[in-house]
Amino acid sequence: MTQQELAELAGASRPVVSLVLNEWRRNGIVSYTRQFICIDDMDSLKQIAS
């Protein structure tokens, strides 16, 4: 899934998705490459979602 596809799914712009993913990567919640987004800390992500 691309950042653009994720943005469309979330109803956000691609630049916003990029900013959030970068913040989450700095905080160790996710890691990603051009091909994959991996959730590294599911508990933190759940806490953000609630």
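Let's start with Ser 18, which lies in helix α2 (helices are DSSP runs of H or I with at least four residues, strands are E runs of at least two, and both are numbered from the N terminus). This is a predicted model, in which local features need pLDDT of at least 70, side-chain atom pairs count only at pLDDT 80 or more, and totals for chains, interfaces and linings use all residues. Residues are numbered from 1 along each chain as its sequence is written, and side-chain values use heavy atoms, with hydrogens and water left out.

**Confidence**
- The chain has a mean pLDDT (the predictor's confidence in each residue, from 0 to 100) of 93, and 100% of its residues reach 70 or more.
- Helix α2 (residues 14–26) has the highest confidence, at a mean of 96, while strand β2 (residues 37–39) has the lowest, at 91.

**Around Ser 18**
- Ser 18 counts as buried because its relative accessibility is 17% (buried means under 20% relative accessible area, exposed over 50%, partly exposed in between, with a 1.4 Å probe and protein chains only).
- Beyond its neighbours within four places in sequence, Ser 18 is in contact (heavy atoms within 4.5 Å) with Gln 3 and Tyr 32.

- Leu 45 is in contact with Trp 24, Ile 29 and Ile 39, leaving aside its neighbours within four places in sequence.
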